[in-house]
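Please look through the model below together with these notes, which go from the overall fold to single residues.

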Amino acid sequence: FDGATFVNPALYAEDTHEWAVGVNWYLNRFLKASFNYERANFHNADGFEDNQSGGVFLTRLQLAY
C-alpha cells in the first residue's frame, strides 16, 4: 500500500474558504422560515483554474405544533 497514491491530488483543492449568512423569519408562534446563502472558494486545485467557487441558496419552512 502506497499512501501517496491513495488520493488523486488533481481532484481536490489545497485550500478552501467558505462563508455563510442566514436569516430566520418567525411568521407566528408556529411557523418559521429560514433563508441561507453559502459560498465556497477553492484554491490551488491541479488541473483547474485558480479560485474556483460555488454558492448555494437554502430555504426551510418549519411548522411546530
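**Notes on the fold and its residues**

1. The protein contains zero helices and three strands, and along the sequence these follow the pattern β-β-β. Helices and strands are taken here as DSSP runs, where a helix (H or I) needs at least four residues and a strand (E) at least two, and they are numbered from the N terminus.

2. Before going further, please keep in mind that this is a predicted model, in which local features need pLDDT of at least 70 and side-chain atom pairs count only at pLDDT 80 or more, while totals for chains, interfaces and linings use all residues. Residues are numbered from 1 along each chain as its sequence is written, and side-chain values use heavy atoms, with hydrogens and water left out.

3. The three strands make up an open antiparallel sheet in the order S1-S2-S3, where two strands are said to pair if DSSP finds at least two bridges between them. Strand S1 (15-26) and strand S3 (52-63) are the edge strands, since each of them pairs on one side only. From one strand to the next, the twist averages 10°, an angle taken between the N-to-C directions of axes fitted to C-alpha atoms, on a scale from 0 to 180 degrees. As a general point, strands of a sheet pair through backbone hydrogen bonds, either parallel or antiparallel.

4. How are S1 and S2 connected and paired? A hairpin of four residues joins S1 to S2, and the two strands pair in the antiparallel sense over twelve bridges; within this pairing, Trp-19 stands opposite Arg-39 in S2.

5. One aromatic pair is counted, under a rule by which rings of Phe, Tyr and Trp (its six-membered ring) pair if their centres lie within 6.5 Å, with planes under 30 degrees apart called stacked, over 60 edge-to-face and the rest tilted. Because the rings of Trp-19 and Tyr-37 have their planes at 55°, with centres 5.7 Å apart, the pair is tilted. Trp-19 lies in strand S1 and Tyr-37 in strand S2, 18 residues apart, and the pair thus links distant parts of the chain.

6. Of the 65 residues of the protein, 9% count as buried. Ala-33, which is found in strand S2, is buried, with a relative accessible area of 7%. The C-alpha atoms of Ala-33 and Leu-63 are separated by 9.0 Å, although these residues are 30 apart along the chain.

Conventions. Buried < 20%, exposed > 50% of the residue type's maximum accessible area, 1.4 Å probe, protein only.
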